[in-house]
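Here are my notes for you on this one, as numbered points. Have the structure open while you read, and click through the residues as they come up.

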Amino acid sequence: MGLIARYRERLPFAPGDPVVTLEEGSTPLVPAPALSERVGADVWLKFEGANPTGSFKDRGMTCAVSDAVRQGAEAVLCASTGNTAASLAAYAARAGLRGAVIVPEGKIATGKLAQALMHGARVIALRGNFDVALRLVRDLCDRQPIALVNSVNPFRIEGQKTSAFELLEDLGGDLDALCIPVGNAGNVTAYWKGFQERGAAPRLFGFQAEGAAPLVLGHPVDKPETVASAIRIGNPARWEEAMAAMTTSRGAVRAVSDAEILDAYDFLARREGIFCEPASAASVAGLMKYGPDGCARIACVLTGNGLKDPQTALDRAGGVIPCAAERGALEAAVLR
Ligand code: F0G
């Protein structure tokens, strides 16, 4: 069941409204025994990489694109570090809408680019970073009858809040803290809305990459840089709301280095059997770095699938072992 069908009474859709869905949501909440032991808390992983296009963006996109169809839009547009682009492209294809995505040239992971292109979106590589792209698409959508489906669109937040509902349902309401990567700051805002609507208030710990940490520094970053390309953002659109959510919940926003992100990325793959993309590993890197802060049960949001970014994985992991097609050589290769 898609998330609009599952949570319709909590979403701004009436029975009979058009619904564009790929059966997103209802993602696995996986216990993390190795991580739990390492940090000394009961840690769970919300694997959003199991959504249809491989990231949490599908939760927001089913709502934003369904609303665009309801409004009679013919085209949908976004600026993106990759995942929003892939998700927009898929939902636009499903809805029969034209889709266009603006991405920072050379700075999005290969899998995301392949998805956006395969789904037939117009992919525009901007000579500028995400922040510049978002400014330009907002301006364009003010002047043209095109629906903007970045997380400045309230329907994105509505859809993404449903992950908080699922967490509370799966854990029987027993959750002390949430660790989450923060880029444009829509997702942390959405979780807080979801928790509040259910009368819950876990502490929200947001993590930014050190080279792209405007919320930690308290000012925009002109030239954000990080290996976690999904969160390479210097001026988040939902700045105030995200800060309010983290402060009100008695949480915090903190920075993790690229090395710490990649350590957590390795740890998840090798010890928990879960392959997420680097940006997602920022949540776990933060938990490993700063500790559970007195929280007994913690959920880390793994926002995107590791398959999105094969290059970072291949650069990181050991190489393959060449082998002659012959019994002795194979035995040596396997057993060595
Ligand atoms: N993790 C992943 C894998 C993402 O793709 C993003 C954002 C985030 C975390 C941060 O979420 O922006 O709501 O704070 N990706 C956007 C995109 C910006 O264009 O795909 P946020």
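1. Let's start with the largest pocket. Its lining is made up of 20 residues, and those nearest its centre are Ala 75, Val 76, Arg 98, Gly 99 and Ala 100. Keep in mind that this is a predicted model.

2. Which elements give two or more residues to that lining? They are strand 3 (75-79), helix 4, strand 4 (98-104) and strand 5 (122-126). Strand 4 gives the most, with four residues.

3. The largest pocket has a volume of about 320 Å³. Sort its lining by class and you get 14 nonpolar, three polar and three charged residues.

4. Now for the ligand, which sits in the largest cavity. Around the ligand there are 20 residues, and the closest are Ser 80, Asn 184, Ala 185, Asn 187 and Thr 303. By class, this shell holds eight nonpolar, 10 polar and two charged residues.

5. Have a look at helix 4 (83-95) and helix 9 (186-197): each one supplies at least two residues of the shell around the ligand.

6. Zoom in on some polar atoms next. A nitrogen atom of the ligand is 2.8 Å from an N or O atom in the Lys 57 side chain. For Thr 84, a backbone N or O atom lies 2.8 Å from an oxygen atom of the ligand. With Asn 187, a polar backbone atom is 2.8 Å from a ligand oxygen atom.

7. How much of the ligand does the protein cover? On its own the ligand has 470 Å² of accessible area, and the protein covers 99% of that.

Notes. Residues numbered from 1 in each chain as written. Predicted model: local features only at pLDDT ≥ 70, side-chain atom pairs only at ≥ 80, totals over all residues. Heavy atoms only, no water. Near = heavy atom within 4 Å. Polar contact = N/O pair within 3.5 Å; in protein donor to acceptor, adjacent residues only side chain to side chain. Areas by Shrake-Rupley, 256 points an atom, 1.4 Å probe, with all protein chains shown as cover. 1 Å grid on protein atoms, 1.4 Å probe; cavity = no way out; pocket = protein on both sides within 12 Å on 5 of 7 lines; lining within 4 Å. Sits in = over half its atoms within 2 Å of the grid points. Nonpolar A, V, L, I, M, F, W, Y, C, P; charged D, E, K, R; others polar. Points joined across faces, edges and corners; volume = space filled by probe spheres on them.
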